[in-house]
Amino acid sequence: CRYEAGDPHDVLHFDGSDNSSAFVDQTGKAWTRSGSSPVIKTDVAKVGSASLRLSGNNDYVQTANHNDFNLGSGDWTIRGWLFHRAFTQPYPAILSRRNGGAFDYGLQGNTELDSYIFRIGGQGWYVLRNAATNANTWRPFQVARKGNLVRTFSDGIYVFDILYSSL
């Protein structure tokens with residue numbers, strides 16, 4: 001995933017040796033895993049030689065809270081590639097930012113809608129539809145803000161715009 005506002009703040013390629021649990025982004029921030037299943041895997045890769053594999057059972061990678069993760073009122077972009085195998089929980093979180101336990105923003109699955117949805121402050125917008133139908137394929141997603149316009153893209157195709165100013 002990547003956040004942009006001028007210079008990239010965090011770029012996670014998840015390169016490394018098979019079954020490694022060492023995660024370092026392009027800016028040097030160390031990321032740690034929660035649970036035993038977040039590992040680097042070399043059998044499925046899109047960017048570089050490996051990717052992050054999660055089991056879907058409350059496992060994740062995390063780093064210390066930092067101002068880089070504040071979306072604020074400026075322009076930003078979050079993008080990445082997702083290789084979906086199956087939903088193992090009703091609303092799996094793919095990425096999220098929490099502030100004091102409260103949810104700020106994130107990308108999460110929705111089994112009822114067979115989709116991944118990007119949420120900010122309680123509102124959500126489709127990012128990847130037909131997740132199960134398109135399982136076992138790499139799919140790009142992007143959510144970008146320019147001014148008060150939030151624009152989503154699924155599989156490289158524009159999905160829709162939302163006017164949103166209270167971030």
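View 1. Let us start with Ser34, whose bridge partner in strand 7 is Tyr60. Strand 4 (residues 30-34) runs antiparallel to strand 7, and three bridges join them. Strands here are DSSP runs of E with at least two residues, numbered from the N terminus, and two strands pair if DSSP finds at least two bridges between them. The open sheet holds three strands in the order 3-4-7, with antiparallel pairing. Strand 3 (23-24) and strand 7 (60-62) are the edge strands, each pairing on one side only.

A word on reading these views: this is a predicted model, in which local features need pLDDT of at least 70 and side-chain atom pairs count only at pLDDT 80 or more, while totals for chains, interfaces and linings use all residues. Residues are numbered from 1 along each chain as its sequence is written, and side-chain values use heavy atoms, with hydrogens and water left out.

**View 2. Confidence along the chain.** The predictor's confidence in each residue is its pLDDT, on a scale from 0 to 100. The protein averages 79, and 88% of the residues score at least 70. Where pLDDT is low, the predicted coordinates should not be read in detail.

**View 3. Aromatic rings that meet.** Rings of Phe, Tyr and Trp (its six-membered ring) pair if their centres lie within 6.5 Å; planes under 30 degrees apart count as stacked, over 60 as edge-to-face and the rest as tilted. The whole structure has five aromatic pairs. In one of them, the ring centres of Phe14 and Phe23 are 6.0 Å apart and the planes stand at 75°, so this pair is edge-to-face. Phe23 is buried at 3% relative accessibility, and Phe14 is buried at 17% (buried means under 20% relative accessible area, exposed over 50%, partly exposed in between, with a 1.4 Å probe and protein chains only). Phe83 and Trp138 form a tilted pair, 5.3 Å centre to centre with 55° between the planes. This pair links distant parts of the chain, with Phe83 in strand 8 (residues 76-83) and Trp138 in strand 13, 55 residues apart. Trp76, Tyr105 and Phe118 form one aromatic cluster.

**View 4. Salt bridges between side chains.** A salt bridge is a side-chain nitrogen of Lys or Arg within 4 Å of a carboxyl oxygen of Asp or Glu, and the count comes to five. Asp43 and Arg53 meet at 2.9 Å, N to O. Asp43 is exposed at 53% relative accessibility, whereas Arg53 is partly exposed at 28%. Arg139 and Asp155 form another salt bridge, at 2.6 Å, N to O. Here Arg139 is buried at 7% relative accessibility, and Asp155 is partly exposed at 34%.

**View 5. Two asparagines with positive phi.** Most residues other than glycine have a negative phi. Asn19, however, has a phi near 70° and lies in the loop between strand 2 (7-11) and strand 3. Asn136 has a phi near 65° and sits in the loop between strand 12 (123-128) and strand 13 (138-146).

Terms used
Helices (H or I, at least four residues) and strands (E, at least two) are DSSP runs, numbered from the N terminus.
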